Amino acid sequence: MSRTAVVVVSHSKQLAEGVRELALQMARGSNSVWAVGGTDDGGIGTSAPAIHGALVEALGHCDEAVVLMDLGSAHLNTEIAIEMLDDALQQRVSMADAPLVEGAILAVVSAAGDAGSAEVRERAEEARRMNKMM
Amino acid sequence: MPGAHAVSTFVERFAAAVDAHAQELTELDSAIGDADHGINLQRGMRAAVERLPAGGAAPDAILRAVATALISKTGGASGPLYGTAFLRASQAVAGCGSLEAADVARMFRAALDGIRERGKAEPGDKTMVDAFTPAVDALEAGIARGDDLRTALRAAAQAAGAGSDATIPLVARKGRASYLGERSREHRDPGSRSTTLLFEAAAEALPA
């Protein structure tokens, strides 16, 4: 386990798991990435209790967690999921304002190098300035 | 003076209105969003009605149960937004066995503040805030000049409807519709419509 967990939140369970799969290609052997997506009845959307569950699990294994999110309600429900945590756990979670795919890859690579959450979040947010086409 | 029974009836009326208008809300959302507002809010409010506490619960406990149901069952942005609104409403009337008109105004103001903090939307962004803000302003103004609660809540519902109408020419700056840019113009914001239903339900049920 690395110090920092990366938690991927998407409206789509498949998208969350796909982002996790893609990021782990760059950090083989990492077991500190969680993917959570969809509503509790399997539809498209996000669920604060499901995100809360993933955060509790991640924080049971790692010291800190950085969350990456796709669209609108993913952010709103992540905020609520963090508020649902005990105060002590809340201090150990932060959100990265980053594009999901590139951000997750940067975050996972950084976390696999045993970075703390502030550095993981900063690395993820660097994805906002990356060019796909030079 | 609305007691716990009136608050429960308000929740049931809002849920019934969302049921009756679910298709309309989803059609509005399919024009400029992800076509799930009606179905999401319907799922959330049905769960809220199922979880209403038994008789004897105080207004804040009823509102908190609605918040929990909306947050856990809704799925889209309306879950965290309306969920936060009901949670803040609950906190605003904690300890009240029945609600004076001023309590009702404080409750809806707290709900609006919660929505704005959660969603970071300003008036004019083409969101539910565009209906919620004039409704709370009208409610407070009515109570300040001595109107009874029924009259003030009716004015609030009318102001919500007018605020919702005023979203039609706007370009969305928040929410999924903002991805459409100019193409979001000439459509009503779905959240402003459900907010109008909320104040209509309040006007019917709370003064009883």
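Guide: One term to begin with: a residue is buried if 20 or more other C-beta atoms lie within 10 Å of its own, exposed if 12 or fewer, and partly exposed in between, with C-beta atoms placed from the backbone. This is a predicted model, where local features need pLDDT of at least 70 and side-chain atom pairs count only at pLDDT 80 or more, while totals for chains, interfaces and linings use all residues. Residues are numbered from 1 along each chain as its sequence is written, and chains are lettered from A in the order in which they are written.

Visitor: Thanks! Is H5(B) mostly covered or mostly open?
Guide: Mostly covered: 14 of the 15 residues in H5(B) are buried. Helices here are DSSP runs (H or I, at least four residues), numbered from the N terminus.

Visitor: What about Ala35(B), what's its phi?
Guide: Ala35(B) is not a glycine, yet its phi is positive, about 60°. Ala35(B) sits in the loop between helix H2 (22-32) and helix H3 (37-50) of chain B.

Visitor: And is Ala35(B) buried or partly exposed?
Guide: Partly exposed, because 17 other C-beta atoms lie within 10 Å of Ala35(B).

Visitor: How about Lys126(B), where is that?
Guide: Lys126(B) is in the loop between helix H6 (101-119) and helix H7 (129-144) of chain B. Lys126(B) also has a positive phi, about 70°, without being a glycine.

Visitor: Why does Lys126(B) count as buried?
Guide: Because Lys126(B) has 28 C-beta neighbours inside 10 Å.

Conventions: Helix = DSSP H or I, 4+ residues; strand = E, 2+ residues; numbered from the N terminus.
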